[in-house]
Amino acid sequence: MKKTSMLVLFAVFLVSLSGAALSATKIAYVEVGKVLQESPQVKAVKDKIRKEFAKRDDQLVAEQKKLKKLKEKLARDGSIMSEAERKRLERDIIARTRKLKNAQSEFQEDLALRQNEELGKLRKVIAEVIVKVAKRGGYDLVLESGVVWANDKVNITTQVLKELKKR
């Protein structure tokens, strides 16, 4: 839907220009997906978030291992345990499983929220850099997505990445 609306907007723009004005219009495009994959800022944000959430992730992994050991114990020793002991272990496994699922869900939500927060900040920086490169290059229009085909000489992605690496 976004790509279609961008193409329609671009088509209207092109139609509204006269032939002389169109030939003088300088257009470029940026592969924002590539910028998000290759910019050093994105890598730094990912590392920062990974470190921020490492302790919680380690705790979840440790809890998964404990739960696995309890399940193995039940499978291995369940037949020789007393009825009360087996029931207690089964209830413990169920409670731990429920708690772990809730903790994992909360972890995923917190992680996604934090990633979106940081990527939102980064998108603003990327937009500023794109504008800077576009102004420096004398471009009248820079497209972000929805480009079906374009000559490599109008692709300013590499220039944007170089500028981001300077920051």
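Q: What makes a stretch of chain a helix or a strand here?
A: Both are DSSP runs: a helix needs at least four residues, a strand at least two. By that rule, the protein has six helices and two strands. The model is a predicted one.

Q: How much of the protein is buried?
A: Buried residues account for 26% of the 167 residues. To count as buried, a residue must have under 20% relative accessible area.

Q: Why is Thr 97 called buried?
A: Its relative accessible area is 19%. The cut-off is under 20%. Thr 97 is therefore buried. This residue lies in helix H5. Leaving out residues up to four places away in sequence, Thr 97 touches Leu 67 and Lys 71.

Q: Why is Ala 127 called partly exposed?
A: Ala 127 has a relative accessible area of 39%. Buried would need under 20%, and exposed over 50%. The value falls in between, so Ala 127 is partly exposed. Ala 127 also belongs to helix H5.

Q: Is Gln 41 buried or exposed, and what makes it so?
A: Gln 41 has 15% relative accessibility.

Q: Which residues does Gln 41 touch?
A: Gln 41 touches Leu 122, Leu 164 and Arg 167, with residues up to four places away in sequence not counted. Another pairing spans the chain: Gln 41 and Lys 165 are 124 residues apart in sequence, yet their C-alpha atoms are 8.0 Å apart.

Q: What makes a group of residues a nonpolar core?
A: The residues must be buried, of the nonpolar kinds that the rule lists, and joined through side-chain atoms within 4.5 Å. The largest such core here has 29 residues. Among those with the most contacts inside it are Val 30, Ile 126, Val 160 and Leu 164. Helices H3, H4, H5 and H6 each supply at least two residues of this core. H5 gives the most, with eleven. In soluble globular proteins, nonpolar side chains tend to be buried together.

Q: Which residues does Leu 164 touch?
A: Leu 164 touches Val 35, Ser 39, Pro 40, Gln 41, Val 125, Ile 126 and Val 129. Residues up to four places away in sequence are not counted.

Q: Why is H4 called roughly antiparallel to H5?
A: The axes of H4 and H5 cross at roughly 175° and come within 10 Å. Angles over 145 degrees count as roughly antiparallel. H4 is therefore roughly antiparallel to H5. Their contact has 15 nonpolar, five polar and 16 charged residues.

Q: Which residues meet where H5 packs on H6?
A: On the H5 side, they include Val 125, Ile 126, Val 129 and Lys 132. On the H6 side are Gln 159, Val 160, Glu 163 and Leu 164. The residues of this contact divide into seven nonpolar, one polar and three charged.

Terms used:
Residues numbered from 1 in each chain as written. Predicted model: local features only at pLDDT ≥ 70, side-chain atom pairs only at ≥ 80, totals over all residues. Heavy atoms only, no water. Buried < 20%, exposed > 50% of the residue type's maximum accessible area, 1.4 Å probe, protein only. Contact = heavy atoms within 4.5 Å. Nonpolar A, V, L, I, M, F, W, Y, C, P; charged D, E, K, R; others polar. Axes fitted to C-alpha atoms, helices over the stretch in contact; angles between N-to-C directions. Parallel < 35°, antiparallel > 145°, perpendicular 65-115°, else oblique.
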